[in-house]
Amino acid sequence: MTKTSSFAPIHVIGGGLAGSEAAWQIAESGIPVILHEMRGVRGTDAHKTDGLAELVCSNSFRSDDATSNAVGVLHAEMRLAGSLIMRSADANQVPAGGALAVDRDGFSIAVTAALESHPMITVTREEVTGLPPEEWDQAIIATGPLTAPSLAAAIQQRTGADSLAFFDAIAPIVHTASIDMDTCWFQSRYDKVGPGGTGKDYINCPMDEAQYNAFVDALIAGDTTGFKEWEGTPYFDGCLPIEVMAERGRETLRHGPMKPMGLTNAHNPTVKAYAVVQLRQDNALGTLYNMVGFQTKLKYGAQAEIFRLIPGLENAEFARLGGLHRNTYINSPTLLDRSLVLKGRPGLRFAGQITGCEGYVESASIGLLAGRFAAAERRGETPSLPPETTAFGSLLGHITGGHIVSDDEPGKRSFQPMNVNFGLFPPLEPGSVTRPEGLKRFRGKDKAIAKKQATAARALEDCARWLEG
């Protein structure tokens, strides 16, 4: 039975991880919630049950290391914030080494039971086919990458034709600090200085003919993933996987995304590269660069192995590997404000994967934030945003404005879904990382680990202060 309250309810649409977490956070603050979930009335092509927070892919929440792994830091921050998703995952953990993996059925059952038994939550099994009505003055849409077509159409009609992506063509993203700049150099093609550009806006990785041929051979032989039936026809112009281009002819890539024209190797200006891989700045911080034109269906292991054949990327650390799949998400940086409200529609928030985050805990964490923000507004307060130094804040920053707009490709969508990673966190202050006592050499892997540890420690300290405040 729902407990009486002087507050009007907040409506949450979607009972996945984000919607479940949002509903929990709102209810735990003493505000009633109506959680609308269509499964039980209408299924999806991926879900097998009508349980809330059903895991449709892996049963892993990935690394649980909060000392030097970004997703582990996010786990820890969610636990500090009283996350239902993390509580249920911890209670249904199965052996997985340093990762947090769960019994998927037990996990969903635990989340469902907690929400259905909460006195401030009403779970309604129905499909919401359009945007929430105006009388739902506080609402959260958390319908995920498999948003029902009718609701997706309503969102698109309200926000504009180019606001919603139904297909995700992802190029790998590399941590800038892991690129060997003794091999690579900064230069735009023909030294072009576009709006906001300097003429040195790309990182260039040169290849000679033998390296290029070896790379093409590796791409063609690489292990690829197949498409699920419900993902539909995968390929369209301008979005061919890199390995498909390689199969169409040995010279295709060096006349396409790997063309060497207009580029001069700053380290060896008299020798013309046979082919060049370009990386473009991906976030405002400059800590991440994406591999231009390298969307791929190669399996993750094959990607890491093959892309490290590229000169300058031998020791590359990937913030995200490539992919090509069905995914519904909005162009959040242009549509949402910092508290996830749809611009021009006060009180209507988006949460979870539909906002442009990837991963179970990332989705749940944005649901957590949306729930807290909505509850604050219902109480008449201004939502308190998490510090940008936290995992919460860095992921929120990416969603609401941390991307780079492409100057040389007008109209091209530059915002892409992302997992949490240290490349989204602001750099440490100078002097924050010092050489450990007794260690003669402090560089390379040792220094990289120390930077991650310092970033993680800063995040958790700042998150605790934010939650206390």
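**A walk through a predicted chain**

The chain averages a pLDDT of 87, and 88% of the residues score at least 70; pLDDT is the predictor's confidence in each residue, from 0 to 100. This is a predicted model, in which local features need pLDDT of at least 70 and side-chain atom pairs count only at pLDDT 80 or more, while totals for chains, interfaces and linings use all residues. Residues are numbered from 1 along each chain as its sequence is written, and side-chain values use heavy atoms, with hydrogens and water left out.

Let's start inside. The largest nonpolar core has 82 residues, and Phe61, Phe107, Leu115, Ile140 and Phe392 have the most contacts inside it. Such a core is a set of buried Ala, Val, Leu, Ile, Met, Phe, Trp, Tyr and Cys residues joined through side-chain atoms within 4.5 Å; buried means under 20% relative accessible area, exposed over 50%, and partly exposed in between (1.4 Å probe, protein chains only). The most to this core comes from helix H10 (residues 360-378), with 10 residues; helices are DSSP runs of H or I with at least four residues, strands are E runs of at least two, and both are numbered from the N terminus.

Now look at Leu115. Beyond its neighbours within four places in sequence, Leu115 is in contact (heavy atoms within 4.5 Å) with Ser20, Ala23, Trp24, Leu35, Leu52, Leu84 and Ile121.

Next, the backbone. Leu340 is not a glycine, yet its phi is positive, near 75 degrees. Leu340 lies in the loop between helix H9 (332-335) and strand S16 (348-350), and counts as buried at 0% relative accessibility.
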